[in-house]
Each structure stands twice: as C-alpha cells, then as structure tokens.
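Work through the exercises below with the structure open beside the text. Try each task before reading its solution.

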Amino acid sequence: ATAGMPPSNVVITAIAEGGAAASRCPSSPGPRPLHLQLRRPRPAGAPSDEGVSAGDGTGAGAGPGTPAAIAEMAEASADDSSRMPPCGSLWMMYYLAFLVVTNMVIVIPTADEYATRLGAGQVFSGLVISLTPFLSGLIGVPLNYWMLQRSMDLKSILFLMVFGGILGNTLYGLGALTRSKWTLLFARSIIGICQCQIAGPVYIAKAVGIQRRSRVMFIFATCTAVAFTSGPLLAGLLVTFLKEARIHNLVLDSDTIPGWFMAILYLFYLLKVFFIFENPPQEAADRHPRPSSAGQDEQMWSCGLLVCYWAMFAGPMANTMCEVFGVKLAQQWWGWNVEASGYYMAFVMALVIPLSLGSGKLTELIEDRRGLRLVCAAGTLCSVLLYDFGYSSTRVYASVLFLGLVLYQGSACIVRNYIYAMVSKLVPTSKKPLASTIMMSVLTVGRGTGSIIGALLSPTSFAIAQTALFSITLVLVSCTYSHLQQHAKAT
C-alpha cells in the first residue's frame, strides 16, 4: 500500500471502531477491530485532522457520524416523541373543549320554548342550536387558521375568541328583552364564530409527542363527552333554581339563563388564559416554513385521511343527533318537562364518560386503525337498541333506549377520539395545522348537521339513520385499512 512513498511521509493512525459508545456496551463480542488510516503529514501550521487521534467519541472526534453522536440524536428523538407541555396549559385546552360543547348543548332543552315565545317555530329552534357549530366550521375555524398563518400566537387568538364568546352569550341572555327572534340567531352566530375549536388540536399536535398524543387526545375528546352531559344537566338545574328562587322577568328566566351562565364561565376562562396559559413551542416546520408544492400536497392527501374526515363528520353528527332527538322524544312523545328531559340525556352522557375515558387504555394495547374498525362494528350492532319495536309502555321504551343511547353514544365518542389522534399522525409535520383545521371544520359541520336532522326525525327514521352512519363508516375504514398508517415524516 505504501509502494513508491518514502516511509517518513506515511503516518499510520489506529482508530478504534465504536469509540466510547462501544466500550460501554457489555455485550460487545471480542476485541474491537482497528482501522488503519494512511495519510500524508500536513505541513507545519496546517490545522490538524479531526477525528483521527483517538476514537473515543469525545472532543473534536465526536462528529455527527460517530456512535456517540448517533446515540445522542436517538435519545433526543425519543425525548421529543414523548414530550409533554405544562400541565396548566394542557388543562386549559381540556377546559376549552368542555366550554365550547357545553355552550352548544346547554340551550337544547329550552331552545324550542324560547323560539315559540318570540314567535318562531320548531325549525327556527333547530336553527338556533345548529347555527353555532355550522358557523364555527365554515367561518370560525378557517378564521383561526388564517390568524395562525399570519404568525398570531395562540394566546392572543384565545383572548379575542373568548371575548367574542362573552359578547355572544350576553346577547343571547338579552333576547327576551329585545323581543326579537333575530337576536337569538345573531347571538348564536357570534358564539359559533368565536368558539376557537382549532386551539386544542393545534396545541396538542405541537406540544405533545407522537407517542403520547393518542392518550392526550382521548382525554381531550372525553371533555367533550363531559360537556354533552353537563349541558342538559345544567339546563335542568338552572331552571329548577329559578323556580325555587321565584325569579322570572324579561332579563332572567328559564330561557335566558343559559346565556348569562355561559357568559360568566367564559369571563372566568379569559382570566385564566391571561395567568396560566403558555404558547406551545415552535417546531422546525414553523421556524423554517417550506414553500408549498404539488409533491407536498400529494403527501398529505390520501384515502386514509379522507376516511378520517368522514368519520370525524359522522361521529359528532351522531352525538348531536342523539342529544337533540332524545330531548324532543321525551318532551313531545312522552310528555316530559324541560327538567326531566334534560336529566334523562344528562344521565345517558354521564355513563358515556367512563366509556370514552376508559377507551384511552386501548391505545396502549391496540393499534389505532384496528381499534377504529372494532368500534365501528360495535356501534353498528348497538344501533339495533335504538329501534322502537312497539314496547308495551313508555317506561320500557325509555329504558331500552337509554341503554342503546349509552352504548351507541359511547361508540361515537370513541370513534371521534381515535380520529383526533390519527389525523396528526397521517400527515407530515408541516401539514399538521392545516390537517387540524380541516378536521375541526368537518367536526363542527357534523355537529350542526346532526342538530338539524335530529329535530326533524321520527323514532323509526332516527334509528335507521344511526345504523347507516356506522355501517358506512365501517365499510370505508375496512376498505382503506392499509392507508391508515403513520406518515413517514409525522412527529
């Protein structure tokens, strides 16, 4: 190897392969091999050759390709995939999910009576309920995404949106004083636009590592189930309180108190945002944005992602359809009052909460796509209990329907939980804000659609609609099962 070269001009350097990283591994078999490197000596004053004096992986020799550097990068990657944000900020996102849905469903037991009092009909009351999620999906979520794209931080967006929620709920409370049904629509429109539905998924996608994201998203979605319970329950309790206190006037009565109550909750939340919430850390994709291209679009859009968006539409639509129809059935077919119908649906959702929260354990045992398919099959079977088979009495029908609603609503909540977690895993890091925006738009439009349809269905058509929703979702998930896998560039 040294032919034609004077011996004095050849320097032989022994490099131990593996460096310090290999020396720390007790299972390394035998002595480490030595590599011989031949090079000519550098002239006097020239910088020394890095990484050839000793292969210990330290100092100048610890380049990006050494085992020690590789181990350090792997450890940093593992820490990043299991990162968690400050508890206070994360719980603020959970609380926001609770407030948003509670604000939507708390008016369900009293909306029909409120609309009738102002000279409107049943369709108008359904519009009062559904307008909030509709405008949230069509205007509110895209508006929040536009704010994020203009480098507006999440905390500032929360301030603006929560203030709008206070304004909208105050107007809803003043609807009886104005004696105009259009005040209700205007108030619910402001509430919908200012719901800030995108905040939770975007924050979790940025601040929570991919290994823990499924569990955190399940808890986030469970807060929605808690809100579906609290809304009707609070409505019934507030009406009972006013009757016991004998409070009834144009400003405060059973119809207007949901608006005043939610305005107070939003005011307290605004103060907590100021003192507790911290913005999520920036990701590499945020610090160095890449120009959009057709190749990147192809990487984001897939059959699996489209099926996830359909499931995110169907699950919330099933939830609100059941909520609205259950109250309507109890009041119009069974002759129950506002308090009784509210308590009935509250008890249904109270049993859904442990199902939704406990399903988070499935993420540790079952792959996301497999769990999604199993839950869709279970929901299809549970929808059989929603049919009216001509029961002998209202009590029997109410009992069977109660069981069916618990199991079916639980399945719908778990489907939504899985989609919350899967969407951010199916797209590259740079596309997570856009994917979350579309997801929340689809979710809120699904809630609005369910509110309108639920107010128009009969017992038979209601059950058929629920079976069709889960059956279609099961078929779509099964057909695109191979596409529901984590994206190679997802973090």
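## Exercise 1: Two helices in contact

Leu90, Met93, Tyr94, Ala97, Phe98, Val101, Thr102, Met104 and Val105 in H3 meet Val216, Ile219, Phe220, Cys223, Thr224, Val226, Ala227, Phe228, Ser230, Gly231, Pro232 and Leu234 in H10. The model is a predicted one.

Task: Describe how the axes of H3 and H10 lie, and sort the contact residues by type.

Solution. 

Step 1. Two packed helices are described by the angle between their axes and the distance between those axes. For H3 and helix H10 (residues 213–245), the axes come within 7 Å and cross at roughly 35°.

Step 2. Next comes the handedness. The crossing in which H3 passes H10 is right-handed.

Step 3. Sort the residues of the contact between H3 and H10: 17 are nonpolar, 4 are polar and none is charged.

## Exercise 2: One residue of the contact

Task: Find the helix that holds phenylalanine 98, decide whether this residue is buried or exposed, and list its contacts beyond its neighbours within four places in sequence.

Solution. 

Step 1. Phenylalanine 98 lies in helix H3.

Step 2. The relative accessibility of phenylalanine 98 is 19%. Buried means under 20%, so phenylalanine 98 counts as buried.

Step 3. With neighbours within four places in sequence set aside, phenylalanine 98 contacts Cys223, Val226, Ala227 and Ser230.

Step 4. Take alanine 227 from that list. Along the chain, phenylalanine 98 and alanine 227 are 129 residues apart, while their C-alpha atoms are separated by 5.0 Å.

## Exercise 3: A threonine in H8

Task: Is threonine 183 buried or exposed, and which residues does threonine 183 contact beyond its neighbours within four places in sequence?

Solution. 

Step 1. Threonine 183 belongs to helix H8 (residues 181–193).

Step 2. Its relative accessible area is 16%, so threonine 183 is buried.

Step 3. Leaving aside neighbours within four places in sequence, threonine 183 touches Leu171, Gly175 and Thr178.

## Exercise 4: The whole chain

Task: How many disulfides, helices and strands are there, and what percentage of the residues is buried?

Solution. 

Step 1. The search of the whole structure gives 0 disulfides.

Step 2. The chain has 20 helices and 2 strands.

Step 3. Of the 491 residues in the chain, 51% are buried.

Step 4. Consider contacts in the chain with a separation of 6 or more: 83% of them join residues 24 or more positions apart.

Technical notes
Residues are numbered from 1 along each chain as its sequence is written. This is a predicted model: local features need pLDDT of at least 70, side-chain atom pairs count only at pLDDT 80 or more; totals for chains, interfaces and linings use all residues. Side-chain values use heavy atoms; hydrogens and water are left out. A disulfide is a pair of cysteine sulfur atoms within 2.5 Å. Helices (H or I, at least four residues) and strands (E, at least two) are DSSP runs, numbered from the N terminus. Buried means under 20% relative accessible area, exposed over 50%, partly exposed in between (1.4 Å probe, protein chains only). Contact means heavy atoms within 4.5 Å. Axes are lines fitted to C-alpha atoms, for helices over the stretch in contact, and angles run from 0 to 180 degrees between N-to-C directions. A crossing is left-handed if the near helix is turned anticlockwise from the far one by less than a right angle, and right-handed if clockwise. Ala, Val, Leu, Ile, Met, Phe, Trp, Tyr, Cys and Pro count as nonpolar, Asp, Glu, Lys and Arg as charged, and the others, Gly among them, as polar.
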